Amino acid sequence: MSTDAIVLLREDHKAIRKLFRDFEKAGHDAHATKGRLVTKIIEALTVHTYLENECMYPEVRKLLPELEDDILESYEEHHVADVLVMELAAMKPDDERFTAKATVLIENVDHHIDEEEDEWFPKVREKLGRKQLQEIGARMLELRKKAPTSPDQPGAVKKAVHAMTA
């Protein structure tokens, strides 16, 4: 298994996008299915953003200060997703705005993933060596073991509060 940080993040993106497409294919009144999928989406996004916020972004910011604006934008995009995730976690699948809120989350995260994969990852890969990306990836794999899986867990709450006050 690769420990390249970008490869690991792309694998997460692929899995998250699969959940998004499954949600979008669910029928209009498929509340139970949509509820289960949103639970999985919330877990996947919570773990993924934790890894990026706690490891990838700080490391790249330290090693490549010229990418700071990209990283700050990514933190803000995570903040928007965190707020939507917290709101969705408190909703029932048959709530009037559940599907609309999930759709907005999907649109925002899809945009964020596109920017990372098309613009940010190539810059990072070009400037950081394979060895550095593997070291960052190895730290991410260790962090994944203790990463929060829901927005109400301590690490996730700290992340969300920091995003709102930073």
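Between the C-alpha atoms of Leu64 and Arg17, which are 47 residues apart along the chain, the separation is 28 Å.

A word on the background: this is a predicted model, in which local features need pLDDT of at least 70 and side-chain atom pairs count only at pLDDT 80 or more, while totals for chains, interfaces and linings use all residues. Residues are numbered from 1 along each chain as its sequence is written, and side-chain values use heavy atoms, leaving out hydrogens and water. Helices here are DSSP runs (H or I, at least four residues), numbered from the N terminus.

## Helix H1 and its two sides

Let us turn to H1. This helix covers residues 5–25, 21 residues in total, and reaches 30 Å from its first C-alpha to its last. That is close to the 30 Å expected at 1.5 Å a residue, where the expected span is 1.5 Å times one less than the number of residues.

Which residues of H1 are buried? They are Ala5, Ile6, Leu8, Leu9, Asp12, His13, Ile16, Leu19, Phe20 and Phe23. Seen down the axis of H1, these buried residues fall within an arc of 155°, so they line one face of the helix; the arc is that of the directions from the helix axis to the C-beta atoms. An α-helix has 3.6 residues a turn, so residues three or four places apart point the same way. On the other side of H1, Lys14, Lys18 and Lys25 are exposed.

## H4 and its two partners

H1 and H4 pack at an angle of about 155°, and their axes are 11 Å apart. Axes are lines fitted to C-alpha atoms, for helices over the stretch in contact, and angles run from 0 to 180 degrees between N-to-C directions. H1 passes H4 in a left-handed crossing, meaning that the near helix is turned anticlockwise from the far one by less than a right angle. The contact of H1 with H4 involves 13 nonpolar, 3 polar and 9 charged residues. Here Ala, Val, Leu, Ile, Met, Phe, Trp, Tyr, Cys and Pro count as nonpolar, Asp, Glu, Lys and Arg as charged, and the others, Gly among them, as polar.

Helix H3 (residues 68–89) also packs with H4 (residues 98–127), at an angle of about 160° and with the axes 10 Å apart. That makes H3 roughly antiparallel to H4. H3 passes H4 in a left-handed crossing, and the residues of their contact divide into 12 nonpolar, 5 polar and 8 charged.

Asp4 belongs to the segment before H1 and counts as buried, at 5% relative accessibility. In sequence Asp4 and Ala138 are 134 residues apart, yet in space they are 7.6 Å apart, C-alpha to C-alpha.

Leu9, in helix H1, counts as buried at 0% relative accessibility. Its C-alpha is 9.4 Å from that of Met56, 47 residues apart in sequence. Asn53 in helix H2 also counts as buried, at 11% relative accessibility; Asn53 and His78 are 25 residues apart in sequence and 8.6 Å apart in space, C-alpha to C-alpha.

Notes
Angles under 35 degrees count as roughly parallel, over 145 as roughly antiparallel, 65 to 115 as roughly perpendicular and the rest as oblique. Buried means under 20% relative accessible area, exposed over 50%, partly exposed in between (1.4 Å probe, protein chains only).
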